[in-house]
Amino acid sequence: MMFTFGLAFFQLMVYMATADCSPKLDNAVVEDLLTMLVKFKGSDNGNTSKWRDIPAFTASLSDVKNINAKEIVKFDKVWTNNGNHYDPNTGVFMAPREGLYHVSTTLMSVSGKTLYAHICLNESRTVGLFPGTGYSEATANIVLHLKKGDKVTVRGSGNHPYLYSSSNHYSMFSAYLIA
């Protein structure tokens, strides 16, 4: 805040020292700068969301799981769930409001087996993952424009169902509102 105020004050001083204009214009510039500073200052005073109000979750899988094609992975260990918009019983994150969301998943395949999976928006696949064979990990990140009520899941794909995790939580799913 101090930097912004200092920058605005410096700009005002440079303008006033170099400009040859009427008092009406000088007053208009000062009023515009003050309005800008008040708006910026107001952003710290509760006009923006507090971190607790930002939809966000992270959940992980606590055991090995075989997943069928199109089956939703239910990440059972919930680390963060602001607003309770992720349901570990269904594996579904439901957007509480429209916005841009960062969605991420990391999956690990079982030793000697392969795994295919996708992040899905409603019923449609978005980005896919293929960690490879045996204790290999893959991570997918995507920014999605979600509307209120959109559902995001991680689902199995094809005939490669071998999803590994353990009490070390190697496989996870996360999303949060960014704008």
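The model is predicted. The protein chain has two helices and 11 strands, and its order along the sequence is α-α-β-β-β-β-β-β-β-β-β-β-β.

**Overall make-up**

- The protein chain has 179 residues, and 39% of them count as buried.
- Among contacts in the protein chain with a separation of 6 or more, 69% are between residues 24 or more positions apart.

**Strand β11 and its partners**

- Strand β11 spans residues 172-177 and is mostly covered, with five of its six residues buried.
- Strand β1 (residues 56-60) runs antiparallel to β11, and five bridges join the two.
- In β1, which takes in residues 56-60, Thr58 stands opposite Ser174 of β11.
- Strand β6 (residues 99-109) also runs antiparallel to β11, with six bridges between them.
- Tyr101 has Leu177 of β11 opposite it.

**Aromatic pairs**

- The structure contains seven aromatic pairs.
- In one of them, the ring centres of Phe57 and Phe93 are 5.2 Å apart and the planes meet at 25°, so this pair is stacked, the cut-off being under 30 degrees.
- Phe57 belongs to strand β1 and Phe93 to strand β5 (residues 92-94), so the pair ties together parts that are 36 residues apart in sequence.
- Phe57 is buried, at 1% relative accessible area.
- Phe93 also counts as buried, with a relative accessibility of 1%.
- The rings of Phe57 and Phe173 have their centres 5.0 Å apart and their planes at 80°, so this pair is edge-to-face, for which the angle must be over 60 degrees.
- Because Phe57 lies in strand β1 and Phe173 in strand β11, this pair ties together parts that are 116 residues apart in sequence.
- Phe57 and Phe173 are both buried.
- One aromatic cluster is formed by Phe57, Phe75, Tyr86, Phe93, Tyr101 and Phe173.
- Tyr101 of this cluster is the residue that stands opposite Leu177 in β11.

**A charge over a ring**

- Lys77 lies over the face of Trp79, and the distance to the ring centre is 4.6 Å.

Technical notes:
Residues numbered from 1 in each chain as written. Predicted model: local features only at pLDDT ≥ 70, side-chain atom pairs only at ≥ 80, totals over all residues. Heavy atoms only, no water. Helix = DSSP H or I, 4+ residues; strand = E, 2+ residues; numbered from the N terminus. Buried < 20%, exposed > 50% of the residue type's maximum accessible area, 1.4 Å probe, protein only. Contact = heavy atoms within 4.5 Å. Pairing = 2+ DSSP bridges. Phe/Tyr/Trp six-rings, centres within 6.5 Å; stacked < 30°, edge-to-face > 60°. Lys NZ or Arg CZ within 6 Å of the ring centre and 35° of its normal.
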